[in-house]
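User: I would like to learn how to read the features of a protein model. Please take me through them one at a time.

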Amino acid sequence: MNAERSQTLSLDIAALRSEFPQLRRKVHGKPLIYFDNANTAQKPQCVIDAVSRYYREFNANVARAVHTLGSEATEHYEASRDKLARFINAARREEIIHTSGTTAAINLVAYAWAAPRLRAGDQILVSTMEHHANIVPWQLVAARCGAEVIAAPITAAGELELDALLALMGDRVKLLAITHVSNVLGTINPVRQLADAAHARGIPVLVDGSQAVPHLAVDVQALGADFYVFTGHKLFGPTGTGVLWARHEILESMPPFMGGGEMIERVDFAGTTYAPPPHRFEAGTPNIAGFVGLGAAVDWLERIGMDRIAAREAELAAYALNALRSIDGLRLLGDARARAAVFAFVIDGVHAHDLATLLDFEGIAVRSGQHCAHPLLQCYGVPAAARLSLSFYNTIEEIDAFVAAVAKVRGLLA
Ligand code: PMP
C-alpha cells in the first residue's frame, strides 16, 4: 500500500516506517524487506532510545536502593507494569508478571500452578497448532506426575475442530492451553467461546497470545481466560521480556517457582515467607532495561492505536493472500476464515530453505523450517515450510516485490 492510500486509514505508513532504523538498511545491496515479524518485530527508535536512556541516565537495580538512581529505575520498571496492565485491560497491575518471554511465562504456570495440582491420569489439553513453547513445558510437568498432554485436531483449513475439542474436554482435563493466533497458519482462534466452553466444564484456560498482542487489541477480561501470556520482542519491545497475566486470586494461590532476592517477605532458616504477586514470581534482578523499552513500545502502540493497526494489517493480509494464491504451484498451509497476516507455504519443486536463502539475496527476510511446530507440520505432511509474516509497517509494494522475487528465484532453480 502506498503512503497515500494508507492515509485513508489515518496511518501515515511512510512516517511510521521512518521510525525504524533497521528498515532503512540494505541486505546484499537491496533494500531490506522484512517479512519475519512473527519471529521478532523490528524496534522503533523510541524503544531503542528508552533502553539506551536507562543505561545512560538511571542505571541501577530496582526495589533495593533508596538512592535517586535506584528510585528512578524502580519507577520506570514498575511503570511498565502499569502500561502493560492498561494495554491488555488487566483488572489490576499486580496481575502482570514480568517474565523473560512467553516460554518463561508458560513454564512458570506449568511449574507453579500445574505441577502441584496434577495427579496421575490427569490431562492437559492443547491443540495441534501449538508452538513448542505451549507443548513441551506441559509434557515436562505431566511426565513428573503421570499426567498426559493430549491434542485437539484441526481441519485442513487450519481451524480448530470445535466438536472434537469439546469432546476431548473430559473430567480428566485440568487445563486447556491454546494459542490465540497460530504462528504458522495465522488462524485466529475463538478464545472467548473456548474459554466459556472450558469453564462450563470446570477447566481453566491458558492462552498463548504471542502472535495476537502485536496485531489485535487484546482485552484479557473480555477474552475470559485464566492465564494470558505473551512475549515482548514480537511487540516491538526488547528481547528477553514477556508477560504472564493471570487473575489475581489465581496468582495468590500459586507458590513461587524460582526463589531468590526480591520475591520474599522474610527469610528465616526456620521458614521463609513470600512476597505477594507480582514480586513473588520475579526472583532476582529483572530485565530492567528490557521492560523500560517494552513500556515505551506499549506507549508507542497506544499512540498509533491497535484498532488502526489491525485494520491496516487486515488490508495487507487480504492483498498478500491474493498475491500468494497467484503464484503457480504454491500451497498455503491452512486457509482459516479468521486469520492474521501470517502465511506458511510450500512451493512445488523448491525447498523452503533454498527459497529463504535465495530471497535473502534479494533483501527479503522470510523464515523457513518447522517454526517450532513439529506436530503441526507433520499434520500437513510437509518437512518444512516458508513463512511470510507481516507487520503494519510492511507495504503492498513489498508484497509485489516478494512475488517478483519468488519468480526470479524459481528461474534460478529451474
Ligand atoms: N508461542 C508462539 C505462538 C510463538 O510464536 C512464539 C515465538 N515464536 C512463542 C510461543 C515463544 O516465544 P519466546 O521464544 O519469545 O518465548
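User: How many salt bridges does a search of the whole structure find?

Analyst: Side chains of opposite charge can pair when their charged atoms come close. A salt bridge is counted when a side-chain nitrogen of Lys or Arg is within 4 Å of a carboxyl oxygen of Asp or Glu. The search of the whole structure finds 22 salt bridges. This is a predicted model, in which local features need pLDDT of at least 70 and side-chain atom pairs count only at pLDDT 80 or more, while totals for chains, interfaces and linings use all residues. Residues are numbered from 1 along each chain as its sequence is written, and side-chain values use heavy atoms, with hydrogens and water left out.

User: Which side chain meets that of Arg93 in a salt bridge?

Analyst: The partner is Glu78, with an N to O distance of 2.9 Å. This pair links distant parts of the chain, 15 residues apart: Glu78 is in helix H4 (68-87), and Arg93 is in the loop between H4 and E4. Helices (H or I, at least four residues) and strands (E, at least two) are DSSP runs, numbered from the N terminus. Both residues also belong to a network of salt bridges that links Glu78, Arg81, Asp82, Arg93 and Glu282.

User: Is Glu78 buried or exposed?

Analyst: Buried means under 20% relative accessible area, exposed means over 50%, and partly exposed lies in between (1.4 Å probe, protein chains only). Glu78 has a relative accessible area of 15%, so the residue is buried. Arg93 counts as partly exposed because its relative accessibility is 26%.

User: Which residue forms a salt bridge with Glu362?

Analyst: Glu362 pairs with Lys408, and their closest N and O atoms are 3.0 Å apart. Glu362 lies in the loop between helix H13 (352-361) and strand E15 (364-365), and Lys408 lies in helix H15 (residues 396-413), so the pair ties together parts that are 46 residues apart in sequence. Glu362 counts as buried at 17% relative accessibility, whereas Lys408 is partly exposed at 43%.

User: Which way do the residues of strand E4 point?

Analyst: In a regular strand the side chains alternate between the two faces of the sheet. In E4 (residues 96-99), Ile96 and His98 point one way and Ile97 and Thr99 the other way, and all are buried.

User: How many bridges join E4 to strand E10?

Analyst: Two strands pair if DSSP finds at least two bridges between them. Four bridges join E4 to E10 (residues 242-246), and these strands run antiparallel. Within E10, Trp245 is the bridge partner of Ile96.

User: Which residues are around the ligand?

Analyst: A residue is near a molecule or strand if one of its heavy atoms lies within 4 Å of it. The residues around the ligand include Thr102, Thr103, His131, Asp208, Ser210 and Lys234. The shell divides into one nonpolar, nine polar and two charged residues. Here Ala, Val, Leu, Ile, Met, Phe, Trp, Tyr, Cys and Pro count as nonpolar, Asp, Glu, Lys and Arg as charged, and the others, Gly among them, as polar.

User: What lies 3.3 Å from a nitrogen atom of the ligand?

Analyst: A polar side-chain atom of Ser210 lies at that distance. An N or O atom in the side chain of Thr103 is 2.6 Å from an oxygen atom of the ligand. The protein covers 86% of the 400 Å² of accessible area that the ligand has on its own. Accessible areas come from the Shrake-Rupley method with a 1.4 Å probe; for residues, only the protein chains shown count as cover.

Conventions:
Polar contact = N/O pair within 3.5 Å; in protein donor to acceptor, adjacent residues only side chain to side chain.
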